[in-house]
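Reader: Please show me the sequence and the structure, and then let us go through them by question and answer.

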Amino acid sequence: ACATTPKGLAPLAAADYAAILADPARTTADRNDDAARKPAEVLAFAKIRPGDTVLELEGGRGWYSDILSGAVGPTGKLYIQYPPEFAYGDAAYKTRTDAGRLKNATILRTHFDAYAIPDASVDKVIWILGPHEVYFTPPNTQGLGDPVKTYAEIKRVLKPGGEFIAMDHAADAGADKVAIASTLHRVDPAVVLAAAKDAGLVYVEKSDILANPQDDRTKRVFDATIRRHTDQFLFRFKKPG
């Protein structure tokens with residue numbers, strides 16, 4: 001059995017997400033991605049608890065946001081961050097909130113290295129398929145955030161003992177982090193491990209839930225032959241304390 005927190009709430013197991021995923025208010029498009037993305041297994045690895053305060057970096061179009069909102073429940077809080085340059089998020093989140101979703105969420109349109117969140121106030125920071133973005137500079141921008149400051153900011157908002165969960169599309173070992181982020185939108189897992197360690201976060205464990213040895217890591221993650229089936233790494237880190 002999982003140990004309980006001071007709040008008395010155990011982490012959700014994969015089976016506990018069944019009701020969240022079966023919610024009839026979820027869209028068909030969202031449901032269609034469940035099999036490939038394995039959200040129940042990923043979020044069970046993240047040990048999300050009802051009542052948690054969670055910061056989701058790079059919320060995208062809100063697919064994970066919707067599930068996370070249900071996981072932390074009405075007593076929890078979800079911060080959803082995405083850069084203002086990712087303007088597609090504006091309409092996507094408006095659609096969800098207009099439909100009555102994400103009632104426990106606050107949306108932050110910021111770069112990755114600055115969040116309007118109090119120090120030591122977050123139980124979990126979760127970054128799904130996005131750590132490579134700090135090495136990617138979209139056209140006509142100055143970038144999406146300084147990498148060192150980004151990881152320092154993650155540590156700042158976490159409570160002592162709070163955890164950072166990072167998932168991304170794997171690149172080959174030694175791949176240049178800027179070049180590979182700008183072309184294939186991948187990152188060498190060792191880059192994320194080193195960045196988290198340098199920020200003072202402690203590595204806990206990894207999961208191969210979404211590993212795919214058939215992915216030769218040479219294709220862009222949007223390529224139709226590999227989309228949703230890239231070789232993905234999943235790490236958990238902890239803030240000391």
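Reader: Which residues of helix 4 are buried?
Author: This is a predicted model, in which local features need pLDDT of at least 70 and side-chain atom pairs count only at pLDDT 80 or more, whereas totals for chains, interfaces and linings use all residues. Residues are numbered from 1 along each chain as its sequence is written, and side-chain values use heavy atoms, with hydrogens and water left out. Helix 4, residues 39-46, is mostly covered, where helices (H or I, at least four residues) and strands (E, at least two) are DSSP runs numbered from the N terminus. With buried meaning under 20% relative accessible area, exposed over 50% and partly exposed in between (1.4 Å probe, protein chains only), the buried residues are Pro39, Ala40, Val42, Leu43, Ala44, Phe45 and Ala46.

Reader: Which residue just after helix 4 takes a positive phi?
Author: The place to look is just after helix 4. The phi there is about 60 degrees, and the residue is Lys47.

Reader: How many residues of strand 1 are buried?
Author: Both faces of strand 1 are covered, with Thr53, Leu55 and Leu57 on one side and Val54 and Glu56 on the other. The number buried is therefore, by the under-20% cut-off, five of five.

Reader: What is the bridge partner of Thr53 in strand 2?
Author: Strand 1 and strand 2 (residues 77-82) run parallel and are joined by four bridges, and two strands count as paired if DSSP finds at least two bridges between them. In strand 2, the partner of Thr53 is Lys77.

Reader: What is the order of the strands in the open sheet?
Author: The sheet has seven strands with mixed pairing, and its edge strands, each pairing on one side only, are strand 3 (105-109) and strand 6 (202-207). Strand 6 is joined by five bridges to strand 7 (residues 232-238), and these two run antiparallel. The order is 3-2-1-4-5-7-6.

Reader: How are the residues of the lining of the largest pocket divided into nonpolar, polar and charged?
Author: Among the 38 lining residues, the closest to the centre of the largest pocket are Arg37, Gly60, Arg61, Arg227 and Arg228; on a 1 Å grid over the protein atoms alone, a pocket is an open set of points where a 1.4 Å probe fits, with protein on both sides within 12 Å along at least five of seven lines, and lining residues have an atom within 4 Å of a point. Ala, Val, Leu, Ile, Met, Phe, Trp, Tyr, Cys and Pro count as nonpolar, Asp, Glu, Lys and Arg as charged, and the others, Gly among them, as polar. The division is 16 nonpolar, nine polar and 13 charged.
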